[in-house]
Amino acid sequence: MNFTLKIWRQKNQKDAGRFEMYEVQNISPDASFLEMLDVLNNQLVLQDRDPVAFDHDCREGICGSCGLMINGRAHGPGRKQATCDVRMRIFDDGQELVIEPWRAKPFPVIKDLVVDRTAMDRIMQAGGFISARTGGAPDANSTPVTKENAEESMDAAACIGCGACIAACPNSSAMLFVAAKVSQFALLPQGQIERKERVQKMVIQMDKEGFGNCSNNYACEAECPKGILVTHIARLNREFLRAKLV
Amino acid sequence: MTLDSKVPDGPIEKKWSNHRFNMKLVNPSNRRKYSVIVVGTGLAGASAAASLAELGYNVLAFSYHESPRRAHSIAAQGGINAPKNYANDGDSVYRLFYDTLKGGDYRAREANVYRLAEVSGSIIDQCVAQGVPFARDYAGYLDMRSFGGAQVSRTFYARGQTGQQLLLGAYSALSRQIGTGGVKFYDRREMLDLVVVEGMARGIVCRNLKTGAIESYIADVVVLATGGYGNTFYLSTMAKASNATAIWQAYKRGALFANPCFTQIHPTCIPVSGDYQSKLTLMSESLRNDGRIWVPKKSGDVRIPSQIPEDERDYYLERLYPSFGNLVPRDVASRRAKEICDKGYGVGKTKMAVYLDFADAIKRNSKQWIEEKYGNLFDMYHEITAEDPYAAPMRIYPAVHYTMGGLWVDYNLMSTIAGLFVIGEANFSDHGANRLGASALMQGLADGYFILPYTLGDYLAKTKFKSLATDHPEFKKVNTDVTERVNKLLAINGKQPVSEIHKKLGKVMWDFVGMGRSEKGLKKALKLISEIREEFWNDAKVIGETDNLNIELEKAGRVADFMELAELLTFDALHRKESCGGHFRKEYQTPEGEALRNDKKYAYIAAWEYTGAGKKPKLNKEPLTFEYVKPSERSYK
C-alpha cells in the first residue's frame, strides 16, 4: 500500500512547528501504524534527513507511550485501540494521513510528535494512591471484595495513561483519566480511608496543571483505547461533592 | 576471582529469617544521610525506590521513559505466583521452591529460590493493600489459575493485565514518595555508564534524552533495575527501548555477567508475518489452561483446521507429556513446537506455527466464559492477525521473551562491585536455566519490596563513605568516556540505518543461538557477529544532533552494546556443553529429545569477567550444591 503523510514537525518546544509532506510505498497491510513510520524513518535517515520523533515502546497497546492524532482522531479511526494497535489495512491505498501530536496546553511538545505528559504523573503524585507502606499489609484474603466491585474497579484500572482522552477533549479535560483512578479506589474497601482526601487532592492538581473541565462531550470515551466509560466521570463528580459536603 | 555467594548457614527454611536478624540496621534518623540511585523504574525498580524512600533514604530514581508507568513490566499478562494455598490443593512454600528450582533445571541457588518462595505470599498481601484489583470469586476472595510447570493453582491475576496492575501498584507507591519528596525522579534519562570510585559504585553518568546533556549523579549506592537483554535478538516480546546498556557498562566496569546464554523463548506468541515487523506479541501462557496445542498428523496438510477431523490431529504435548499436557514449562513447549515445525508439520502461510485451539473449552463452558477469562487476549490476536480466534484456532510460535542470565549477585543482591546492587530481570538470580510462568513479576517485586530494603541497609551500616563531588577525577573521566562514545557513534556516517544492522544481528542470534544450538552453529555465529559489528562501526548511519531528542542516537548506543553482549551470550552457550532449560544444545539430548544435563561438569553458575576490549572474557565458576532437592532428569511425563 502507498500513503501520503502530512506530519507535524517541530524541532523543540520553542520552534513554531509546521506540517511536512512525505510519501511511503509498498507498506504491508499487516504492518502496524508505527511500523509504517519506521519505514519512513529509515527512508529519511538514508536521505540525511532528521527522522520523525514519536513516543512508543511496548507496541502491544499497554504501556501508553504512543499517542498520535491520525486524521484528527486520537489513536486513529478505530475504536478501543492505541496507536500501536492500528494496522495499515484499515486505511485506503493511496490515502493521505495527517499525523499530529497530542494537542493540549498541559502537554508541551518536546519534539515532532513527542509531548511531555508528566502533568498526568503529578496528578497521581498528588493523591492517586493508597498509602500502604511496604510490609504492614494483612493477609490478602482478609479483605474480601465483591466480584461486582472488583470487576468495575478493574474496568477503571485498565487506564493506560496515554492521554488520548485529553487530546480528544475540546476542553483538554483530564477528567476521564482522574476519574479512572478515583473510581478504582473508591470501589475497593482498601480505598475508603483516604477516599475524600484523594479526590480533592487529585482534582486540585488537575486544575493547577491547566486541564479543562468536562462539558459532557464524551469524546474521551469514544477515543479511549481501553474503553473506559464516562460513568466514571459521574462517579468522580459524586465523590468530589461528597468529599466537600459530607 | 572467588565468588562468595554469602548464602547464610542453617536450614533452608531459617536462612532468610536468621540473616535478617544478623544484618546490621541503619538507625531511622540516620537513613536520611544516605542516598541511593535506582536506575530503572519497572516492577523491581519502582518497588525498591518506593520502599527505600518509605524507610527514609534519599532516593534518586532514573528512567528513560517519561513516566515509571511505561516500563515493560506493564506488558506481563498472565499472573503472579504465591503459595497461599487458598485453592486447598496442596501448595506450600516448599512446593513453590521445588517447582521453581526444578523448572529452572537445577541451575539456580537453592537458598535464593527458597527465599523467593518464602516472601512471595507477602507480595500478594502488599498488592491487595495498594488496591490492585485482582480477580475475585463470588465470595469476594481471590481467584487463582494454574501455569506451566505446576500442578496447583497458585497464580493470582488481574484479567490478562496482571503486570499492568502490579506495576501501577508499585508506581502508585513510588508516586506517593515522589509527591512527598522522598524520591527525586529523573525522567527521560538513560544511564550510559557507572562510576566506580576506589572499588565502590558511587554514581552514574546518563544522557538527558530531552536536551542531550551528559549528566553525572552521585550517591552512596547504585541499584540497577534495568531489565533483560532479549532485544539482542531484535525480534522479541520486549518493548522497543528495552536494552542492556546499563548492565553491559557495569560489566565493563567490573561486575560479572552470569549465565548470559540462559534465554527464554516463550512458546505462545503470534508468528512472524513479514520483514517490516518490529516486534513480536505474546499470547499469555494462561491460555494453555484452556487451549489445546496441535498440528495435523499429515505433514503439509493444507485443509482449514475445522475440516481436519479429531483423529487426524496430533495433540503432541498431551501425547508426549500426559501428566502436564499443554502446561509443560516454556522451554519444553517451545522446543517441541520448533521440532514439529522443522519436521514439516507446521501450519499457516509460513508453516512456522502450531494451533492453539479453544473449541473444546468453548463447547465445555461457553464463549462468554472464555471472553471473561481471556477477552483482551482474543481481541489482541484479532487486531493483529485479522482472524477470529473464537471461530478458528490461534496460530502461535515461540519468540524470545525473557533472559534468566544477568549480572551476578550474591544472596544480598550485590554484584561483584561493592555498592552495586542488581534486582529484577537485570540480575541472574532465581530462575536458573528456565523461568516458570508468573515468576518474573514475583521475583521483581520480591527483590524490590522485601529483599533489597534489608540487604542494602546492611551494606550501608557496615561501610564508610567518603564525601564526593562530580568534579572528582573518576566522574570526570567517565563523563568524558561517555561523551566520546556518543560522538563516535555520530561520526560513523555510513549508509545503513541502525535498525537494519540490528535486524541482521537478530537473525544470526535467532538462527544459531536460539532454540537449537550446536557447536558448529555457535562458532559460525561468533564469526558472523564480529562481521556485523565491523559493519556497524563502518557503515551505520546515525543522524541528528546531540542537543535535543535524537531517536537514532539512542538506538545506535543500544545496538552497539547488544552486539558486544551477543558475543558473550554465544560464547557462554558454546562453553556450556550440556542442555539445560532454555539452553538446548543439539549434541546433548536424551533419546526422547529431552535436555540432557551434565551435573558433574556444569552444575555451576558461569560468571564472566571483562578483561578488556577485544580480549576473551574470563570464566569464574560458582559451584551449585543441592542439599534439599536432588537434581534428576526433569520429567513432565
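This is a predicted model: local features need pLDDT of at least 70, side-chain atom pairs count only at pLDDT 80 or more; totals for chains, interfaces and linings use all residues.
**Close-up views of a two-chain model**

View 1. Residues are numbered from 1 along each chain as its sequence is written, chains are lettered from A in the order written, and side-chain values use heavy atoms without hydrogens or water.

**View 2. Where chain B meets chain A.** Let's turn to the interface. The contact (heavy atoms within 4.5 Å) takes in 77 residues of chain B and 75 residues of chain A. Interface size is often given as the accessible area lost when the parts come together. Here the two chains bury about 6,400 Å², 51% of it on carbon and sulfur atoms; this is the accessible area (1.4 Å probe) lost by the two parts, summed over both.

View 3. Which side chain of chain B does E151(A) meet in a salt bridge? The partner is R159(B), at 2.8 Å from N to O. A salt bridge has a side-chain nitrogen of Lys or Arg within 4 Å of a carboxyl oxygen of Asp or Glu. Between chain B and chain A the count is eight salt bridges.

**View 4. Helices on the chain B side.** Elements that give two or more residues to the side touching chain A include α3 (43-55), α5 (110-130) and α6 (162-180) of chain B. Of these elements, α6(B) gives the most, with nine residues.

Note on methods. Helices (H or I, at least four residues) and strands (E, at least two) are DSSP runs, numbered from the N terminus.
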